[in-house]
Every structure is written in structure tokens, then in C-alpha cells.
Amino acid sequence: MTNETVFVLRHGETFIKGQNRRQFEDRLRDNIAKTLASRSVKGLFRAQGRFYLRVEQAAEDWVEKRLTRVFGLSSFSPAQPVEREIESILKVATQMVEKELEARPIGTFRVTTKRSDKSFPMTSPELNREIGGALAERFELGVDLQNHDLDVGIEISEAGSFVFVKRVPGAGGLPVGVSGRVMLLLSGGIDSPVAGHLLQKRGCSLFAVYFHAPPHTSERAKDKVIQLSETLCAAQGPINLHVVRFTELQKMLRDQGPPELAVVLYRRAMMRIASRLAAARRCKALITGENLGQVASQTLENLSRIEEAASLPVLRPLIAFDKLEIIELAQRLGSYDISILPHEDTCSLFVPKHPATKASLEQVTRAEERIDFDELVEQAADEAEVIRVGEQ
Amino acid sequence: MDNKGLVYLDNAATTQVDPRIADALSKLMQTHLGNPSSRHALGLHAERAVRNARAAVAERFAVDKSRVFFTSGATEASALAILGTAAKQRAPGHVLVSSTEHPSVLDSAALLSKAGHEVERIPVDQDGVIDAKRLESMLRPETFLVAMMHVNNEVGTVQPVGRLALLVKRKNRRCRVLVDAVQSFGLLATKMDGLSADILVASGHKLHAPSGIGCLALKRGVSLAPIWGGGDQEQGLRPGTENVLGIVALGMAATLGRGDRQRLADGCRVLQEAVRAALRDSEPVVASERRAPHIVTVTVPGLRAEVVVNALSERGVCVSSGSACHSRRSLRSHVLTALGVADDVEVIRLSLGRLSSDDEISRGAELIESTLKGLR
């Protein structure tokens, strides 16, 4: 027995990407290395369309937890390296089954061998029968290929020979970074971190922007947004958070238009500033946590008005989610408990009891007529404070 | 955070550690401090330090030093007083707490109702003062505890505890009177007999000592049941190795006190006038003659308290919104509600301490006036 564990890492979607595969795999490997403290990693190599990650056995649980956050992995198994011979395989498989039996009741099992090293003297079916038969007899277990309580995995490849009994589902998706950069509008609420997380899942690397309106929003509200950004670092490492001072612009907008237009006008201004920041950071899209109909002002008409002010595509991954579905995702992400801390968010300020539900382009244009946005947007964006969140 | 130039007007929340206390603690920390229970010389050294501090605290309460018990803070002291008194009862009884008590008293009393005791809140008038007749009518033969805070932390009301406690005793000799003296300790007279109290509670960090230390004092003849076991420290009432540094700090704080009452009252008046200069309709929640000198809570008509706090914070002025009121969660302060302040009235609390300098107060007043004018 060695004192190391080898994680067999499987990447689903990246596999089917044909010629881009190399690039995807490189990114995935980098992301895995980044998410694990290099000290616990003894080796990470690629073979047979998988990754093999050697870590110290003591770090196994910690590594397993971190790996579940890495996008691009479909599943992985902590495995025990064995000698390339049947006795050694059977010995380790026996120990592992024994340990599983101590932990839970098992009636039926199967053995699944994957032999890519064809120089091994036995074929996969032969190994399945041999090892399966021995284990069935030893532990008095039934074999069931379809409905089993335990699947004993055996891999024999040029990378080495391994036995494992556990398959941990991965986070799925694409490795963060392969789809490019995006700018996330973070509000401090429940939705926006989840929106960012979903785009990370599709391979986007996040930048974030928060609109701060002191004294109407407090330092604690800003701190809350920093904490929310931290939850998104698990999937990609440090995030640049831009804090834009919005107070003056917000007051100006409030005084320009009719009060019921306020929310739409604020959000249009935010889109303009976020677009400018995004361009400077070479981001290809803006991300928001907007949803259809969650609050009265989130209508298709208003969303159109908001989008018209952006100079980049606006992606709204939560558009069709129910609040409860979003909450569940937020809880899994770990952002929910932070989001529900009671601090003001910028959009809830100076908001009338009855916001416009169908702002027309004409209304909005009229309200914005007398504002010279270019200068204000430029100033707000250029003076934004940049906080590097999640830097170790 | 760089605190230079900061104007700190939130001394009812916590206070800056007195430099003399900080200095003494720093020196003490660099010596090898023993466990007061150890038999060797170092242990004795620590035990002496604790003994001296206990004597200093006892003097403020005018009790024998054996009647002072150190805790981790006032919350623990109040909980121990309430749960420890209840644990001595043979049958379910009745408890009265004033409706403006600190949550440590209200919530600990609420635990008693789960144990079968009946807990009632004593109403207060618009200044936060208990009506004596009302209190008298609520007392029952089975009332075993009445809790009344000496100075209210949110609005500064001084409760005429002595007079009310006498009334309690006249009606029910065996009933214990618990007085939360956190805001008055070191400032007003807090003598056990003067207040006709049985249990007094104080805290270090409200009096320029660090947080993590508090105490309770028991009138002679009054005993409590401990709420946990683990050793014979503090006469077995509060087991656990003594927080020697904290205790020394509290002892010093008790001696140094909270400063000159007149100066604090003048300072509060200056601040209150600054608010008025910006907001003409602003008024104090509690009339000045019924209020402690170091706390003034005023209304901010037309403004949101949270915004005022943020705006002042941006300019280096620390004040409190005087309540845990969050607009969306609408956690209205139970104290304001008890005083009958309408739900839409927003207030800020300004509170001074011994270390508030005249210069700090006048700068604070200027900044308050200009900031509030800007928000108006």
C-alpha cells in the first residue's frame, strides 16, 4: 500500500469538442492545479482521455471537496494505485469492499474493468469474472450488472493500475476560461451571484461590478458584495470587483424623470457604466441576475429598455427560474446566507411604491434627454475602485 | 483602520480602551501571569491582581468584595442572575421585566417561561419610566424577580430604581430586584442599598475596558444557583479560569469612572443643538431631566436613520441609529415601541464617554450639522 491516492478525473463535455479539445484540456488542467494548493499535489497528468491526479492520502477528503467545484469534470474517483498483477488487484479490491461493507449494507455488486493497456495478459471480461467471482464468494454478495449497490472499478492503463469503489459526480459544464470573459453585475441580492456561477459553469471567467450609493448604501453593504464575490472564487480563483460610486448619478436620474421610471433609468445607467468597464477588461458580455416577473418592474418591456442601454450582449441565465429554484442554487453555492444579510441594495433606493411596468422607449428617451451620459459614465467607470477578491 | 480624526459618538455601544488600562494590560501580558488557583508564587501574583480589582468594583457597588462575581460580560451576568434566581425556586412563579430591558434580560427571562414561570413586561411612559402604580398592581405573592435597568442603552432614560425597588420590597419582601447597571456604572451612584437592589450587573467595554469582562454583585444574603459546573472559581457560581487581564481592566475602569457628568451633559446638548440646527423639528426622545448625561437620542425628521449613520460614517463620525431598524426587515426597536414612538419616526443616538474630548465634540457638532443639511 502506498500513502498516496490517485484521483481518476473524467471530463465529459470537453471530450466532444473535437479540435478544441487540447485547449479545453489545458485549461481544465490549469484550473485543477489552481484550485488545489500545489503542495498537496504530487502529480497531474493526462492519459487515455482522462486526468490522473496524485495526492497525499491525508489530503484526500480536502481534494475531493475542492474537485466538486471545478467546472469541466463530469465525475471522478479516488483510487488506490496497485501493482499490475491480478493478486495485487484482488487484494486491494477486497480491502475496499470490506471497508464499504462496514459503512453501509450491500446486497449486490459488479466489477467494471477498463483495460487500455493491451499488454496485460487478461481481457476486461476475464478480469471482471475473476475478481467478481472471488469477491462474491468471499463476501457472499450477489452479482447484478444492472441494479447493484456497489461498482468496483478497475483501470489498467499506461498511466498505471487502479482500483476504486466511489464515483463522485463532478460539477459538469466547461472549464472556466474557455468561453472568455464576462462582466457580472452584482447587487448584493440572492440572484446575481447565482447568475455568475451559472456562467462560470459554461466556461466564462468573471469580472464583477457593484454600484455603491453611499450614504444610502452602507460600508457593510459593500462588504457583503465582497463576501459574495468570494463565493465565486472557488471556481475560478481571484475576481476583480469594480465598485462604482453611483450616488450622484442616481440622484440626478431621480430628479430627471417621473418617479415611476426610476428603476429603469438606474438600470440603464448601470448598463452604460458596466459596458464601458467590460470593454476595458475585454469582456464579451454583461451578466445580470434579472428574472422575468420576480418583481413588478421585471417585465419584458422594461428588460428591453434596460438592454438598449448596453453596448454588449446582456445574458440573463436566471430569466426563467422560479425564486425557490434560485434559492436552492444559492444555498449550494454558499452565497445564500450572505445574500440575506439585511443591507440595502442600490436599486431599492428612491424607489416609488408603484414602479412603471412598461416603460416605453419614448418615455425613457425623454427622461434622459437632458443628461450628458458620456461624461458621467466615463467618470463613474474610470473612478471605480478595483478590489481583487480572493487573492491568497 | 486609521482612527486619527475620528469622531466617536457611540460610547453606549462600546468605548475606546483607556490608554492607562491598555498600558497596564500590555505590561501585565508581558510578565508571566500564573493561574490564580495555582499554589506557586506566580499564582499568588495573579490572585492578588484579581483581589484588588474585585475590591475596586465592590466599592462602586458598596458591597463586600466577596459579593462580586466576574463573568464574560454583562449578557452572561444578566443570564446568570435570571436563570440562577429561577433555579432556586421550588415552584413555578412570576417574573416582571421592564419593557425597555436589554435583550440579555428579555431573552433570558423568556427562557423562564419555557420552564413554567410566567413572565410579564412592565409598561413604561413616553420617557421610558415605569409607572409605580402600574408596577404595584402587577406584583403578585409569587413574583420572585423584578428586572429594571438603571439607564436605558437606547434612549438614556434613568429609571428611578431605588424608589421602585422599595415599593417592590414593601409589597413582596422576598422578591429579588435585578438592576442592569451597564450604562450607569462608574457614572451615577450604583450602591446596592441606595438602589434597594439585590443583584447589579456591569460591563467592562462600556467603561473603557476591553470587551470580554463583566460582573454581577449580589446583596448579602442573596444567593444564586450556578448554571454550569466546572470548578470552584468565583465561589463556584461561575466556574472557569479567571480572565485575569479582563478583571484587572474592569477594576481599573471602576476606579477611573465615566467622567464628569456636567461635561457629558453639556456635550450632549451641543450635539443635540447641532442636529436641530440642521433639522428644525428634531427633538430628543426622552426629556433631558429624565435622561443620563452621556446619551441623547434624537429624531431626524424627513431622513432615514440608516442613511444618516452612513453619511456621518463617511465623514468619520460614528453614531448609532439607536435601534436595530432595518427598513425592509422592519425590526423596530422594542424600546421605541415601548415608549410609544410612532413606527415611522427615525432616530439617531449620540453617546459620549470619558475619552470624548471637547474638541472631538465640537468637531462632531459641526460635521453633524453640515452633513444633515446636505442630506435634507
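Author: What follows is a set of questions about labels, each answered from its definition. This is a predicted model, in which local features need pLDDT of at least 70, side-chain atom pairs count only at pLDDT 80 or more, and totals for chains, interfaces and linings use all residues. Residues are numbered from 1 along each chain as its sequence is written, chains are lettered from A and ligands numbered from 1 in the order in which they are written, and side-chain values use heavy atoms, with hydrogens and water left out.

Reader: Why is chain B called as compact as a globular protein of its length?

Author: The radius of gyration is taken over C-alpha atoms, and the globule rule is 2.2 Å times the number of residues to the power 0.38. For 376 residues the rule gives 21 Å, and the radius of gyration of chain B is 21 Å, so chain B is as compact as a globular protein of that length. Its C-alpha atoms fill a box of roughly 60 × 55 × 35 Å along the principal axes. For chain A, the C-alpha trace spans about 85 × 35 × 35 Å along its principal axes.

Reader: Why is B:Ser78 called buried?

Author: Buried means under 20% relative accessible area, exposed over 50%, and partly exposed in between (1.4 Å probe, protein chains only). B:Ser78 has a relative accessible area of 1%, so it is buried. This serine is found in helix H3 (residues 74-86) of chain B.

Reader: What counts as a contact of B:Ser78, and which residues are they?

Author: Contact means heavy atoms within 4.5 Å. Leaving aside neighbours within four places in sequence, B:Ser78 is in contact with B:Ser104, B:Val105 and B:Val201.

Reader: Is A:Thr108 buried, exposed or partly exposed, and why?

Author: A:Thr108 has 21% relative accessibility, so it counts as partly exposed. The residue is found in strand E5 (residues 108-115) of chain A. Among the residues it touches, beyond those up to four places away in sequence, are A:Gly142, A:Asp144 and A:Leu150. The C-alpha atoms of A:Thr108 and A:Gly142 are separated by 4.5 Å, although the two are 34 residues apart along the chain.

Reader: How do you know that strands E10 and E11 of chain A are paired?

Author: Two strands pair if DSSP finds at least two bridges between them. Strand E10 (residues 180-185) and E11 of chain A have six bridges, in the parallel sense. In one of these strands, E11(A), A:Phe207 is the bridge partner of A:Met183. On to the next pair: five bridges join E11 (residues 204-212) to strand E12 (residues 239-245) of chain A, and these two also run parallel. A:Val209 stands opposite A:His242 in E12(A).

Reader: What makes E14 and E15 of chain A edge strands?

Author: The open sheet has six strands in the order E14-E13-E10-E11-E12-E15 (chain A), with mixed pairing. Strand E14 (314-315) and strand E15 (385-389) of chain A each pair on one side only.

Reader: What makes E11(A) mostly covered?

Author: Nine of its nine residues are buried. On one side these are A:Cys204, A:Leu206, A:Ala208, A:Tyr210 and A:His212, and on the other A:Ser205, A:Phe207, A:Val209 and A:Phe211.

Key. Helix = DSSP H or I, 4+ residues; strand = E, 2+ residues; numbered from the N terminus.
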